[in-house]
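Biologist: I would like to learn how to read a protein model, one feature at a time. Where do we begin?

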Amino acid sequence: QAGHIAHRMGRLDDARDAYERARRGFVALGEPRNVGFLDQCLALLDLDDAARPEVLAEVGDARFQAGQSEAAVNAFEAALAGFEKRGDERRAALTLLDLARALSYVGPERPDLVDRAVALLEPSGPSRDLIEALTMRVWMEYITGRNVEALATALRASDMAAELGIGVPPR
């Protein structure tokens with residue numbers, strides 16, 4: 001409500017802050033992301049607003065969870081462009097993984113997107129994000145018949161997880 005009131009009064013910064021607090025509240029409560037709410041947040045942001053890629057990525061996730069794969073793809077592509085424009089390689093890599101997942105529901109698998117994500121994450125060294133990307137790469141290698149590569153990638157992800165003291169995601 002506070003966001004709507006501030007927006008109508010022309011106080012866009014206050015409206016953005018209210019929406020951000022409410023968005024965090026939805027996530028903290030474990031509530032499913034509300035596509036309409038996120039669309040309203042997006043409408044408040046200028047095309048060059050620094051928060052726009054994050055909101056677009058959340059719109060993509062909400063639409064994907066709602067079974068709207070094509071709309072999710074559009075949002076993820078726009079988010080990716082924003083992350084790449086500002087040089088945020090980590091967020092670009094994670095968005096590439098989300099985009100590859102969503103695209104698999106509307107067309108052929110896109111292992112090239114997963115490979116790009118891995119390439120963006122590798123320079124930072126072992127991390128949960130890189131393990132997730134490698135785990136997704138295992139699947140892509142397996143379904144494209146590259147079984148030897150899939151096994152090598154799976155072992156690499158497993159070794160990295162052991163090095164970090166975490167489990168490998170079950171994908």
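**Reading the model**

Modeller: Start with Arg90, which is partly exposed at a relative accessible area of 44%. Buried means under 20% relative accessible area, exposed over 50%, and partly exposed in between (1.4 Å probe, protein chains only). This is a predicted model: local features need pLDDT of at least 70, side-chain atom pairs count only at pLDDT 80 or more, and totals for chains, interfaces and linings use all residues. Residues are numbered from 1 along each chain as its sequence is written, and side-chain values use heavy atoms, with hydrogens and water left out.

Biologist: What is the average pLDDT of the protein?

Modeller: pLDDT is the predictor's confidence in each residue, from 0 to 100. Here the average is 83, and 78% of the residues score at least 70. Over residues 1-11 it stays under 50. Residues 27-32 also stay under 50. Where pLDDT is low, the predicted coordinates should not be read in detail.

Biologist: How many helices and strands are there?

Modeller: Both are DSSP runs, numbered from the N terminus: helices are H or I with at least four residues, strands are E with at least two. This protein has nine helices and zero strands.

Biologist: Which residues have the most contacts inside the largest nonpolar core?

Modeller: A nonpolar core is a set of buried Ala, Val, Leu, Ile, Met, Phe, Trp, Tyr and Cys residues joined through side-chain atoms within 4.5 Å. The largest one has 43 residues, and Leu97 and Leu99 have the most contacts inside it. Helix H6 gives the largest share, nine residues. Now take Leu99. Contact means heavy atoms within 4.5 Å. Beyond its neighbours within four places in sequence, Leu99 touches Val73, Phe76, Glu77, Leu80 and Leu113.

Biologist: And charged side chains? Which residue meets Arg90 in a salt bridge?

Modeller: Side chains of opposite charge can pair when their charged atoms come close. A salt bridge puts a side-chain nitrogen of Lys or Arg within 4 Å of a carboxyl oxygen of Asp or Glu. Arg90 pairs with Asp129, at 2.6 Å from N to O. This pair links distant parts of the chain: Arg90 lies in helix H6 and Asp129 in helix H8, 39 residues apart. Asp129 is buried, at a relative accessible area of 15%.

Biologist: How many salt bridges does the whole structure have?

Modeller: Eleven are found. Another one joins Arg110 and Asp112, with the closest N and O atoms 2.8 Å apart. Some share partners: Glu54, Arg86 and Asp88 form one network.
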